[in-house]
Amino acid sequence: MYRVVIDEKLCIGSSNCMEEAEEAYEVDERGIAVLVHPLASEEALLRGARACPVDAIALFDSSGRRVHP
Ligand code: SF4
């Protein structure tokens, strides 16, 4: 299971993550992405993270290794 860290200072609210992986991410009322389903599959978490144009979504594996970006 990936640990997800969304950098709210980097996020520009483009919604790409949500459009690519709505089962994992959502853009909230502030226009900032949030993780809506922490138990989403690693594939979905990665798919959404890769769609981010500013690399605001960082993923880490269970050993703490950075998986993305
Ligand atoms: S794709 Fe990136 S910049 Fe756009 S809402 Fe998601 S996290 Fe924010």
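Buried residues make up 22% of the 69 residues in the protein chain; a residue is buried if 20 or more other C-beta atoms lie within 10 Å of its own, exposed if 12 or fewer, and partly exposed in between, with C-beta atoms placed from the backbone. The structure is a predicted model, in which local features need pLDDT of at least 70 and side-chain atom pairs count only at pLDDT 80 or more, while totals for chains, interfaces and linings use all residues. Residues are numbered from 1 along each chain as its sequence is written.

The protein chain contains two helices and five strands, and from the N terminus on its elements follow the order β-α-β-β-α-β-β. The radius of gyration of the protein chain is 11 Å, close to the 11 Å that the globule rule gives for 69 residues, so the chain is as compact as a globular protein of that length. This radius is taken over C-alpha atoms, and the globule rule is 2.2 Å times the number of residues to the power 0.38. Helices (H or I, at least four residues) and strands (E, at least two) are DSSP runs, numbered from the N terminus. The C-alpha trace spans about 30 × 20 × 15 Å along its principal axes. Of the contacts with a separation of 6 or more, 45% are between residues 24 or more positions apart; two residues are in contact if their C-beta atoms, placed from the backbone, lie within 7 Å.

Around the ligand there are 15 residues, of which C11, S14, C17, A33 and C52 come nearest. A residue is near a molecule if its C-beta atom, placed from the backbone, lies within 6 Å of it. By class, this shell has 11 nonpolar, four polar and no charged residues. Ala, Val, Leu, Ile, Met, Phe, Trp, Tyr, Cys and Pro count as nonpolar, Asp, Glu, Lys and Arg as charged, and the others, Gly among them, as polar.

S14 lies in the loop between β1 (3-6) and α1 (16-20). S14 is partly exposed, because 16 other C-beta atoms lie within 10 Å. S14 and V27 are 13 residues apart in sequence, and their C-alpha atoms are 8.5 Å apart in space. S15 is also placed in the loop between β1 and α1.

Most residues other than glycine have a negative phi, and most peptide bonds are trans. Phi of S15, however, is positive, near 75 degrees. D55, in the loop between α2 (42-50) and β4 (57-60), has a positive phi of about 50 degrees. D55 is exposed, because 12 other C-beta atoms lie within 10 Å. The peptide bond from H68 to P69 is cis, with omega near -5 degrees.
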